[in-house]
Amino acid sequence: MIDTHMHADSRSSEDFEKMYLAGINQAITCSYYPYKIDNETILLNHLNRILEYDTKRAGEYGLDLKVALGIHPTNTIENPQIIFENLYKWIENNQIVAIGEIGLEDLTDNEIETFEKQLDIADETNSKVIIHTPRKNKKEVLDKILEILPNHMDEKNAVIDHINPNVIKTAIDCDCMLGLTVQPQKMDKNEAIAILDEYGFDKFLLNSDISNKPSDPLSVPKTVRELNRRGYSKENIEKVSHKNAQEFFNI
């Protein structure tokens with residue numbers, strides 16, 4: 001299994017062990033700093049910590065941790081140029097599997113400008129992106145994302161994450177992959193399965209989004225086991241548990 005979106009820097013090593021023992025072989029950790037960032041140096045240190053330290057921590061427990069780096073919309077800063085420069089370096093050195101998570105939160109001009117620049121970098125470097133959608137005003141923000149995205153890069157290289165029953169009809173016709181986040185206060189496994197049941201398994205990824213907020217590091221295996229219990233085909237379960245992620249992120 002692959003958990004396609006988590007925040008390893010916010011979690012204990014014991015969580016990595018639980019995930020590995022439950023059958024998660026790989027996970028993708030994304031950038032998100034839960035406190036106010038005053039300058040670009042703090043943000044760059046945060047991103048390097050994920051890349052150089054958390055991958056080693058996870059590996060000690062058997063979890064192959066892949067990395068997505070970028071400027072989360074809540075971490076938007078005034079002078080992001082050094083982050084953009086490092087994105088080019090990380091991509092060139094094959095150190096990251098995607099730019100992420102990026103996106104929009106409050107629809108400020110600075111957020112939108114930072115989002116668009118990172119989409120342009122992805123387009124220029126033929127990189128994947130993981131796009132955040134917020135808890136609040138999700139439909140409004142998603143509409144703006146879907147307006148901006150095709151003007152800057154190929155939608156087929158993007159994941160729009162944290163899709164739930166309230167916005168699935170808005171997102172389903174785009175060419176993006178869609179991330180289903182099974183996390184307390186976001187969406188439970190039954191809601192995720194209902195989406196898969198209605199729309200099929202071909203364009204969906206599963207993740208836990210474990211972070212500093214209420215989280216379940218085993219939400220992906222619990223969802224996969226429930227699919228198995230309900231008698232869904234092995235082929236479809238494999239798609240959403242790991243094959244879609246392997247093909248999309250080339251991991």
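Across which strands does helix 2 lie? In this predicted model, helix 2 (residues 40–59) lies across strand 2 (26–29) and strand 3 (64–69), and it runs at about 170 degrees to strand 3.

These strands belong to an open sheet of eight strands, which are arranged in the order 1-2-3-4-5-6-7-8 with parallel pairing. On average, neighbouring strands are turned by 30 degrees against each other, direction ignored. Within the sheet, strand 5 (residues 129–132) and strand 6 (residues 158–163) run parallel and are joined by three bridges. Ile131 stands opposite Ile160 of strand 6. Helix 9 also packs on the sheet, where it touches strand 1, strand 2, strand 4 (98–103), strand 5, strand 6, strand 7 and strand 8. The direction of helix 9 makes about 110 degrees with that of strand 8.

Helix 7 (residues 189–199) has four buried residues listed here: Ala192, Ile193, Ile195 and Leu196. They lie on the same side of helix 7 because they cover an arc of only 155 degrees around the axis. In general, an α-helix has 3.6 residues a turn, so residues three or four places apart point the same way. The buried residues of helix 7 pack against helix 6 (168–171), strand 7 (177–181), strand 8 (204–207), helix 8 (219–229) and helix 9 (234–249). Asp197 and Glu198 are exposed, on the face turned away from the buried side of helix 7.

At the start of helix 7, a side-chain oxygen of Asp188 comes to within 3.0 Å of the backbone nitrogen of Asn190. Just after the helix, Gly200 has a positive phi of about 85 degrees.

Key
Residues are numbered from 1 along each chain as its sequence is written. This is a predicted model: local features need pLDDT of at least 70, side-chain atom pairs count only at pLDDT 80 or more; totals for chains, interfaces and linings use all residues. Side-chain values use heavy atoms; hydrogens and water are left out. Buried means under 20% relative accessible area, exposed over 50%, partly exposed in between (1.4 Å probe, protein chains only). Helices (H or I, at least four residues) and strands (E, at least two) are DSSP runs, numbered from the N terminus. The arc is that of the directions from the helix axis to the C-beta atoms. Contact means heavy atoms within 4.5 Å. A polar contact is a pair of N or O atoms within 3.5 Å; within protein, one must be able to donate a hydrogen and the other to accept it, and residues adjacent in sequence count only if both atoms are side-chain atoms. Two strands pair if DSSP finds at least two bridges between them. Axes are lines fitted to C-alpha atoms, for helices over the stretch in contact, and angles run from 0 to 180 degrees between N-to-C directions.
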